[in-house]
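Thanks for coming. Please have the structure open while I talk.

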Amino acid sequence: MKGKVWLVAGIISIFFTPAVFAEQPTRLERVIVTATKAKTPAKRVTRAVSVIPGEKLNIVRGGFAAQGLDDVPETLVRRSGSIGRTTAVVVRGASAGQVHVTMDGAHIASPTTGSFDFNHITPDNLDRMEVLRGPHSVLFGSDAMGGVINLVTKRGEGPFKASYTQEVGGQHTTRELAVFQGATGPWHLSGSASRMDSDGHSDNDEYENTNLSTRIGYDFSEDTTLDFSLRHIFAVVGLDDGPFRPDPNHNARDRQTIATGKLETQVTDWWSQMFRL
């Protein structure tokens, strides 16, 4: 009788033990992934982000904003020739047309090539450059598969002040720069005007560059701000056809005007509204 009891117990243990001691599934808390363009401190951003402050941009070699990207990881600056020539920026091996470039939130890529030429952008009146590496097509569109580069114009602060700088280099290269900024009451203002001239490396390789930039804004309250920024670029690049076809009148002229207006309201700590033109 006792043997039969042990036999029955053994059979029960064979059939039911796996069910009792089987590994129970692990339940995870619900995870919600959202896409947002809201302002976020750099230390809280989990993606690969680099910020080049205006102080560093103003001392980069060459006098162009693109040179400030030389030390950014996974970012390559390619210029097709001497000063003023086509300058493309690629991120993580993507093409220049797959890098979304904005200035104060305005998309500034060429409507024909789909990419932005950095050849004439100077760091004058720029507060910083933000480089977001990696695909971000959900937020910025199909041209952001490589990354995003955002140029931010400086906001005027403190008492009004102005300065003037003049530089001289090789190939009869000269550069003049005048800047001003300040704030009074609810108003803030910043601006710059620069001019660069160079003879280049060959007979018909001259270069002229004029950059005008300004940002003006009004603070209705601590939570509501109206901003308007404008940058105008005019450049002339001499085209050297070689020693057999010299033509001093053969040149390329580039004129760009980038203007943005923005009204932003911080409703709560977690909710902000923005209207941009």
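What we have here is a predicted model. I start with an open sheet of 5 strands, with mixed pairing, in the order β1-β6-β7-β4-β5. The edge positions go to β1, residues 48–53, and β5, residues 106–107; each has a single partner strand, so one side of each is left without a neighbour in the sheet.

Inside that order, look at β6 and β7. Strand β6 covers residues 126–133 and strand β7 covers residues 147–153. The two run antiparallel and are joined by 7 bridges. To find the pairing by eye, take R133, whose bridge partner in β7 is G147.

Now the other sheet. This one is open too, with 7 strands in the order β8-β9-β10-β11-β12-β13-β14, and its pairing is antiparallel. As a reminder, strands of a sheet pair through backbone hydrogen bonds, either parallel or antiparallel. Which strands stand at the edges here? They are β8, residues 161–169, and β14, residues 271–276; each has a single partner strand, so one side of each has no neighbour in the sheet. On average, neighbouring strands of this sheet are turned by 10° against each other, direction ignored.

Is β8 well covered or hardly covered? Hardly: of its 9 residues, the count of buried ones is 0. Its pairing with strand β9, residues 173–184, is antiparallel and runs over 9 bridges. One point of reference is A162, which has F180 as its bridge partner in β9. The hairpin of β8 and β9 has 3 residues between the strands, and there Q171 takes a positive phi near 55°.

Which residues make the nonpolar patch? F220, L226, L263, F275 and L277 do, and the patch has an area of about 560 Å². Another member, L226, sits in strand β12, residues 224–238. Its relative accessibility is 39%, so L226 counts as partly exposed; the buried class ends at under 20% and the exposed class begins at over 50%.

I will take questions now.

Notes
Residues are numbered from 1 along each chain as its sequence is written. This is a predicted model: local features need pLDDT of at least 70, side-chain atom pairs count only at pLDDT 80 or more; totals for chains, interfaces and linings use all residues. Side-chain values use heavy atoms; hydrogens and water are left out. Two strands pair if DSSP finds at least two bridges between them. Helices (H or I, at least four residues) and strands (E, at least two) are DSSP runs, numbered from the N terminus. Patches are made of residues with over 30% relative accessible area and no salt bridge: like charges are joined within 9 Å, nonpolar side chains (Val, Leu, Ile, Met, Phe, Trp, Tyr) within 5 Å. Accessible areas come from the Shrake-Rupley method with a 1.4 Å probe; for residues, only the protein chains shown count as cover. A salt bridge is a side-chain nitrogen of Lys or Arg within 4 Å of a carboxyl oxygen of Asp or Glu. Buried means under 20% relative accessible area, exposed over 50%, partly exposed in between (1.4 Å probe, protein chains only). Axes are lines fitted to C-alpha atoms, for helices over the stretch in contact, and angles run from 0 to 180 degrees between N-to-C directions.
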